[in-house]
Amino acid sequence: MIHLENPYLSVGISEHGAELCSLRSSSREYLWQGDPAYWGRHSPVLFPIVGSVYDKRFRACGSTYAMGQHGFARDSDFEVVSHSNDEAWFRLAADERTLAVFPYDFTLEIGYRLEGRTLRVMWRVGNPSVSKVLPFQIGAHPAFYWPLHDEKDEAQRRGYFAFTLTGPHADSPVLRSRKLAGKGCVDPQETFDVALDSHQMLPLAADTFDEIDTIILEGSQVNRVALCDTERRPLLALSFSSPLVGLWSPPGKRAPFVCIEPWYGRCDRYGYEGEFANRDCMNRLEPGATFVANYTIEVF
C-alpha cells in the first residue's frame, strides 16, 4: 500500500489495480472499505471498457474476445513509477497477458495528488503503436459512505445528491438517464427522468436504486456531484469534465455506500455485436498520441 498525507487528508493506494483504498480526514473514513457482503471493492479504475460488452464478448481485428465487466485494469498489478508525500504515479503497459484479451498496444498511468482538502485523480493513456488506432474507454468507480445510514430503517432518508448542471441543462429541473435493459447493457431507445427539487438536488433514500439500479447521465449534463447529508450540508464533492457520470448503490441490499463515477465511456447497447471501435461513447487515440484526464474529490 502506498500512502500520501498532508495536514488535511491521508490516502492509501494499492499497487493492485492502482486502486484508491482509503480517504481519511482526521478520524473520518470517507471511502467504502469493501465489505464483500455488499461490494468488495473501493474505487476501481475501469479500463479498457466501462460497464459491459454485450454477452461479455467483443469483436476486434478479425477475432472475438472475452471481456468481463469494467475491463482488466482493476485486477492488474501496476508498477509504482514515483512516490512522494503528496503524489504518486502507477503504470500498466500492454503485455502478452493483455494482448491475449485486448489486441491493442497501450500504456495506462494513474496518478494521485493531494491539494489541500482535495484529492486529484489523474489518468494518462498512451498509444505506443506506430500504425494502429487505440479504441478505449476509461472511468472511475469510487464508493463513499452515506452521511447517514441505519440498515434497520428501510425507509430512512440517506441524504442528497447536489448537482452542478452545465450548458443547456443548467436550469433544467430534470436530468435524463439511460435505462439498463439486461446483461449490463443499456436500452437503445428508452431513458427515464431524474427529477430534481428546487435546489437542484436529488433526495436519496434506502430504496432509491432498487428499481433503477444505476443512474447514467451522458451528454455532459453535469460537471459536479456533491454528496450531502439530510440537512443539505455537503460531505464531499466530485468535479469532472467527463461526458458521462454514473451513480450507483447495490439495488435491494440497503448498502451503506453510494458511488459517484466519472466516465469516458459506458456499456454497450443491448444486442450490440459490431466492431469494438464502433461501440457507443468510445475514445480513439491515434498512434503516438496521449489521452489526459482527471477528476477531483473534495472533502468538507
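Leu114 is buried, at 6% relative accessible area (buried is under 20%, exposed over 50%, partly exposed in between, with a 1.4 Å probe and protein chains only). This is a predicted model, where local features need pLDDT of at least 70 and side-chain atom pairs count only at pLDDT 80 or more, while totals for chains, interfaces and linings use all residues. Residues are numbered from 1 along each chain as its sequence is written, and side-chain values use heavy atoms, with hydrogens and water left out.

Leu114 sits in strand β10 (residues 107–115); strands are DSSP E runs of at least two residues, numbered from the N terminus. Skipping neighbours within four places in sequence, Leu114 has contacts (heavy atoms within 4.5 Å) with Leu4, Glu5, Asn6, Leu9, Val11, Asp86 and Leu119. Asn6 is 108 residues away along the chain, yet its C-alpha lies 7.1 Å from that of Leu114.

β1 pairs antiparallel with β2 (residues 10–14) over four bridges. His3 has Gly12 in β2 as its bridge partner.

## Nonpolar cores

A nonpolar core here is a set of buried Ala, Val, Leu, Ile, Met, Phe, Trp, Tyr and Cys residues joined through side-chain atoms within 4.5 Å. The largest one has 74 residues, and Tyr112, Trp123, Ile138, Phe161, Phe163, Leu227 and Ile260 touch the most other members. Strand β25 (residues 290–299) supplies the largest share of this core, five residues.

There's also a second, separate core of eight residues, including Trp32, Tyr38, Trp248 and Phe257.

How values were computed: Pairing = 2+ DSSP bridges.
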